[in-house]
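Let's look at this structure together, one question at a time. Please take a moment with the sequence and the 3D view first.

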Amino acid sequence: MAPLPNVPADPDDDLTAYVGLGTAAAAERARARGWATVRALAPGTIVTMEYMAGRLNFEARDGVVKRCWKG
């Protein structure tokens, strides 16, 4: 696969800091820190393996972030 040209760097952010936050507060914080796309997913949601620069994913249960990862 050829390298991607001009891919912006992900924001410099501590992803563990999102765990335990409510999803609305976590999404607001992520956007303020420069994440272009933020999505909350239910546990076990099937997602593709593609990496999307600038995207932050939350696994949320009962409105609380349990896990967070880039892409």
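**Contacts and salt bridges**

Of the contacts in the protein with a separation of 6 or more, 36% join residues 24 or more positions apart, where contact means heavy atoms within 4.5 Å. This is a predicted model: local features need pLDDT of at least 70, side-chain atom pairs count only at pLDDT 80 or more, and totals for chains, interfaces and linings use all residues. Residues are numbered from 1 along each chain as its sequence is written, and side-chain values use heavy atoms, with hydrogens and water left out.

Q: What does the pair of Asp 13 and Arg 33 tie together?
A: Asp 13 lies in the segment before α1 (23-32) and Arg 33 in the loop between α1 and β1 (37-41), so the bridge links parts 20 residues apart in sequence. Helices (H or I, at least four residues) and strands (E, at least two) are DSSP runs, numbered from the N terminus.

Q: Why is Asp 13 called buried?
A: Buried means under 20% relative accessible area, exposed over 50%, and partly exposed in between (1.4 Å probe, protein chains only). Asp 13 has 13%, so it counts as buried.

Q: What makes Arg 33 partly exposed?
A: Its relative accessibility is 43%, so Arg 33 falls in the middle class.

Q: How do you know that Arg 67 forms a salt bridge with Glu 59?
A: Their closest N and O atoms are 3.7 Å apart, so this pair meets the rule too.

Notes: Salt bridge = Lys/Arg side-chain N within 4 Å of Asp/Glu carboxyl O.
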